[in-house]
Amino acid sequence: MDKSSICIVIPAMNEELTIGAIVSSIVNSGYEVIVVNDFSIDDTAKVAAKAGAKVMSPINNLGAWKATQAGLRYAKKLGFNVVITMDADGQHDVNDIKYLGDAYKQGADIVVGNCTERGSTGRHIAWSFFKTINKLPINDITSGFRLYSEKALHCLTSREATMFEYQCVGVLIMMRNLNLSVKEVAVSMSERETGASRIFHSWLAVAYYLLYSGLLSATKAFPTKKERYLNRLTGLNDFE
Amino acid sequence: MILSNPQIVSSIIGVILALIIYWLVRRDHLSPRQALRWILVASIVLVLGTFPIIIDWVGHAVGIGYPPIIPVIVGLGAALIKILLMDIQQTKSTVTQDRIVQKLAILEAEIQEIKNNKKKVI
């Protein structure tokens, strides 16, 4: 697969300790990198730019998904057909990018780098709970290591996708409603060494996440017709 | 026609409401679009306050034993719908705002890119 057609998007908030090494290793592998510096109070932007990334700095904190979406929009504007998102905390291995690329070549629109061995019992209970409600055929819904095809990119940069706060349930259900194929590939993920998770930084945040995703799963549990859904999305008239 | 004390009080409330709305539009605190709705509310308060008998007629017509509860229920229902509509509007505004923030970040990154390329050329 042509590396110049792939862009890596990394949303980052206060990750100056890890972002430099990640960006360098990706750039050395021959990929273009966009780092979305989501209102960091440290030197994330400087470190990332020095390591060779294109850096975007939104003027307020957008949150993990909307920051990612900003990167997706920029990558799309730059003409990339395939975008891979990665976390900024060093959890994901650059060498695993090729596995995602392989699954894409086999025809997947979205490839999720899956590592279900990680996470606490609580997280696993939450995963299976959401899966029961929304019937999504994905095991690792919270994984930030994903590949998006041109089609997926097209709908994920739409206005309607800006409404989501997390990339988990909402984004995946949107893909299902548009009949896009989602594949999972097993990847290795290391434990976060520095900083705190942006989604699970406190018990209150976890409770909010569970309620939010639970509601989204319940309200969108029944798949809608693709045509009807497309009509509701703005700017997707040329989807096919 | 002689107005009773409660009628006078509720009529005054209607008039004051209308005057406040007039002032808010005049000072650009409220857009005419929103003000029109509030003028309608003020008119209803004024009319019903001055002629409460209308409520009794309505109560009699629809078979409600205690007519004064009608404006309370209608008012609460309207307030609930309005709050829901405001939340829908707020969702739209938040999405627009976030997309502008994203767009701004994209444009800034692009300008930076152009500047970097220029430096390289020089």
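**Figure 1. Two helices of chain A, H1(A) and H2(A), pack at an angle of about 20°.** In this predicted model, H1(A) covers residues 16-28 and H2(A) covers residues 44-51, and their axes sit 8 Å apart. Angles under 35 degrees count as roughly parallel, so that's the label this pair gets: H1(A) and H2(A) are roughly parallel to each other. H1(A) passes H2(A) in a right-handed crossing. Who does the touching? From H1(A) come A:Glu16, A:Ile19, A:Gly20, A:Val23, A:Ser24 and A:Val27, while H2(A) brings A:Thr44, A:Val47, A:Ala48 and A:Ala51. Sort the residues of this contact by class and you get six nonpolar, three polar and one charged.

**Figure 2. Over in chain B, helices H1(B) and H2(B) pack with their axes 7 Å apart.** H1(B) spans residues 5-26, and H2(B) spans residues 32-50. Are these two roughly parallel or roughly antiparallel? Their angle is about 165°, and angles over 145 count as roughly antiparallel, so H1(B) and H2(B) are roughly antiparallel to each other. The crossing here is left-handed. On the H1(B) side, look for B:Gln7, B:Ser10, B:Ser11, B:Ile13, B:Gly14, B:Val15, B:Leu17, B:Ala18, B:Ile21, B:Leu24 and B:Val25. On the H2(B) side, the partners include B:Pro32, B:Trp38, B:Ile39, B:Leu46 and B:Thr50. By class, this contact has 14 nonpolar and six polar residues, with no charged ones.

**Figure 3. Helix H3(A) of chain A packs against helix H4(B) of chain B.** Now we're looking across two chains: H3(A) is residues 64-77 of chain A, and H4(B) is residues 69-121 of chain B. The axes of H3(A) and H4(B) are 9 Å apart, and the angle is about 50°. H3(A) makes the contact with A:Lys66, A:Gln69, A:Ala70, A:Arg73, A:Tyr74 and A:Lys77, and H4(B) answers with B:Asp98, B:Gln102, B:Ala105, B:Ile106 and B:Ala109. What classes do these residues fall into? Five are nonpolar, two are polar and four are charged.

**Figure 4. The whole contact between chains A and B takes residues from both sides.** Chain A puts in 17 residues and chain B puts in 12.

**Figure 5. Chain B is assigned two domains.** Domain 1 runs over residues 1-51 and domain 2 over residues 68-122. Taken over C-alpha atoms, the centres of domain 1 and domain 2 of chain B are 32 Å apart. For the model, the scores are ipTM 0.80 and pTM 0.84.

Note on methods: Residues are numbered from 1 along each chain as its sequence is written. Chains are lettered from A and ligands numbered from 1 in the order in which they are written. This is a predicted model: local features need pLDDT of at least 70, side-chain atom pairs count only at pLDDT 80 or more; totals for chains, interfaces and linings use all residues. Axes are lines fitted to C-alpha atoms, for helices over the stretch in contact, and angles run from 0 to 180 degrees between N-to-C directions. Helices (H or I, at least four residues) and strands (E, at least two) are DSSP runs, numbered from the N terminus. Two residues are in contact if their C-beta atoms, placed from the backbone, lie within 7 Å. Ala, Val, Leu, Ile, Met, Phe, Trp, Tyr, Cys and Pro count as nonpolar, Asp, Glu, Lys and Arg as charged, and the others, Gly among them, as polar. Domain bounds come from an automatic or database domain assignment. pLDDT is the predictor's confidence in each residue, from 0 to 100. Angles under 35 degrees count as roughly parallel, over 145 as roughly antiparallel, 65 to 115 as roughly perpendicular and the rest as oblique. A crossing is left-handed if the near helix is turned anticlockwise from the far one by less than a right angle, and right-handed if clockwise.
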